[in-house]
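This report concerns one protein model and considers a helix, a nonpolar core and a pocket in turn. The sequence and the coordinates are shown first.

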Amino acid sequence: MDVYARLKELNLALPEVSPPAGIFKAVRQAGNCLYVSGQVAVKDGAPVFPGKIGAGVTVEQGQEAARVCVLNALGHLHKFLGDLNRIKGLVKTLVFVQSAGGFIQQPLVANGATGLLKEIWGEDAGVGARSAIGVNELPLGVSVEAEFIFEV
């Protein structure tokens, strides 16, 4: 399966990526694993559905923000690898959800990210281990940030 053909089938495009805004690498390889630094839900330089999920931002909007995090990660992976087809599969996803007090549906928001990865790579290669964590604040006021580990 060609990842780029699959993205086209899903009507998705890789974004242009910016250099990290701090002292870190967007992607770091250790052995056969690629560690992707936290990707925030930003598109064209602006936060996608900023704010707290459960107070002004819906679960569905959070899921869409999580999908944006995936696309941003894939953009960095493409820049790092030169070819996303070198990826064997997803190892782990960690999703941070800016949550209103009492909001407990972080796993539903994380499904936006992991569901998209499953759509791209399928059940075996596209589904990995996962954690979804509620947090009080995220950079730029984004509602979702996600980091990933992929195998090459």
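The model is a predicted one. Helix H2 covers residues 59–81, and its 23 residues should span 33 Å at 1.5 Å a residue; the end C-alpha atoms are 33 Å apart, so the length agrees with the expectation. Gly-82 follows H2 and has a positive phi, near 85 degrees.

The largest nonpolar core has 42 residues, and those with the most contacts inside it are Leu-74, Leu-77, Trp-121, Phe-148 and Phe-150. At least two residues of this core come from each of helix H1 (3–9), S2, H2, strand S7 (89–98), helix H3 (106–126) and strand S9 (144–151). H2 provides the largest share, 11 residues. When neighbours within four places in sequence are left aside, the contacts of Leu-74 are Leu-7, Leu-14, Leu-84, Ile-120, Trp-121 and Phe-150. In soluble globular proteins, nonpolar side chains tend to be buried together.

The largest pocket holds about 710 Å³ of space. Its lining comprises 26 residues, of which Gln-39, Val-40, Val-42, Asn-72 and His-76 are the closest to the centre of the pocket. Strand S2 (33–40), strand S3 (42–43) and H2 each contribute at least two lining residues. Here too H2 gives the largest share, with 4 residues. The lining divides by class as follows.

| Class in the lining of the largest pocket | Number |
|---|---|
| Nonpolar | 15 residues |
| Polar | 7 residues |

Definitions and conventions
Residues are numbered from 1 along each chain as its sequence is written. This is a predicted model: local features need pLDDT of at least 70, side-chain atom pairs count only at pLDDT 80 or more; totals for chains, interfaces and linings use all residues. Side-chain values use heavy atoms; hydrogens and water are left out. The expected span of a helix is 1.5 Å times one less than its number of residues. On a 1 Å grid over the protein atoms alone, a cavity is a set of points where a 1.4 Å probe fits but cannot get out, and a pocket is an open set with protein on both sides within 12 Å along at least five of seven lines; lining residues have an atom within 4 Å of a point. Grid points are joined across faces, edges and corners, and a volume is the space filled by probe spheres set on the points. Ala, Val, Leu, Ile, Met, Phe, Trp, Tyr, Cys and Pro count as nonpolar, Asp, Glu, Lys and Arg as charged, and the others, Gly among them, as polar. A nonpolar core is a set of buried Ala, Val, Leu, Ile, Met, Phe, Trp, Tyr and Cys residues joined through side-chain atoms within 4.5 Å. Buried means under 20% relative accessible area, exposed over 50%, partly exposed in between (1.4 Å probe, protein chains only). Contact means heavy atoms within 4.5 Å.
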